[in-house]
Amino acid sequence: MKKVFTLFAAVTVLLCACAAFAQLTEEQKNDGWVSIFDGKTLDGWKANETYEGFEVKDGAIVGKGNRNHLYYIKEELKDFELKIDVKINKGGNSGVYVKSQWQDAMWPITGFELQVNATHGDPVKTGSLYDIIKIFKAPHGDDEWFTYHLVCKGNVLKVSINGELLYEYVDPLEKGGVPQDGNITGQNKRISQKGYIALQQHDPKSIPQFKNIFIKKL
């Protein structure tokens, strides 16, 4: 009985380790999917305020400390799909940005932020397109992995969580880009035709985790 239990425990540990970091299948690769996080380093990523805000642990990018944003700087993307597994601690707040321009500091003011928040005091919860579409009940719990799947094509942004489509946002200003007068305020401040993917470290009490980050150009 003890041997059986030991074997079961070993298999469980192995399965947990495998689940920690997924690899693309040959079918996914042939379909155009690529991984932009190797599960070990921050190669290809750059923080806009301090690298101390992010570390790689157990196959995931983990945020810590004060406000910081980690950009995937190898390429600005326009039409693409993004799949990313995310987890946030109790009372934590974070976000996944797409189509954001590089900034040396502060919160990104272009592109779109997909909120990550289960129980933080901010009423805008996971699934929300910040400042545009508000969801007030998170589709997941604290310290629970979930999968964002975003499809950005033209002026349409489709948002799904755990395989369920939440909405399709049609952006009336996307094709025009940022206004010529440079007045990036109100609804315009999330608009850009192409840009970087970025991950948010919100505050010292927030501990977001990100893994299995895959993109496919459209």
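1. In this predicted model, Ser 35 stands opposite Phe 214 of strand β13. The two strands concerned, β1 (residues 33–35) and β13, are paired antiparallel over three bridges.

2. Strand β4 (residues 60–63) runs antiparallel to β13 and is joined to it by two bridges. Within β13, Phe 210 is the bridge partner of Ile 61.

3. How many residues of β13 are buried? Of the nine residues in this strand (residues 209–217), eight are buried, so β13 is largely enclosed by the rest of the structure. Buried is taken as under 20% relative accessible area.

4. Five strands form an open sheet in the order β2-β5-β12-β7-β8, with antiparallel pairing. Its edge strands, each pairing on one side only, are β2 (45–47) and β8 (112–116). From one strand to the next, the twist averages 20°.

5. Inside that order, β5 (residues 68–77) and β12 (residues 195–201) are antiparallel and share six bridges. Leu 70 stands opposite Leu 199 of β12.

6. The structure contains one cavity of 30 Å³ or more. The volume of the largest cavity is about 60 Å³. Ten residues line the largest cavity, and those nearest its centre are Lys 99, Phe 112, Gly 154, Val 156 and Leu 157. The lining comprises five nonpolar, two polar and three charged residues.

Conventions. Residues are numbered from 1 along each chain as its sequence is written. This is a predicted model: local features need pLDDT of at least 70, side-chain atom pairs count only at pLDDT 80 or more; totals for chains, interfaces and linings use all residues. Side-chain values use heavy atoms; hydrogens and water are left out. On a 1 Å grid over the protein atoms alone, a cavity is a set of points where a 1.4 Å probe fits but cannot get out, and a pocket is an open set with protein on both sides within 12 Å along at least five of seven lines; lining residues have an atom within 4 Å of a point. Grid points are joined across faces, edges and corners, and a volume is the space filled by probe spheres set on the points. Ala, Val, Leu, Ile, Met, Phe, Trp, Tyr, Cys and Pro count as nonpolar, Asp, Glu, Lys and Arg as charged, and the others, Gly among them, as polar. Two strands pair if DSSP finds at least two bridges between them. Helices (H or I, at least four residues) and strands (E, at least two) are DSSP runs, numbered from the N terminus. Axes are lines fitted to C-alpha atoms, for helices over the stretch in contact, and angles run from 0 to 180 degrees between N-to-C directions. Buried means under 20% relative accessible area, exposed over 50%, partly exposed in between (1.4 Å probe, protein chains only).
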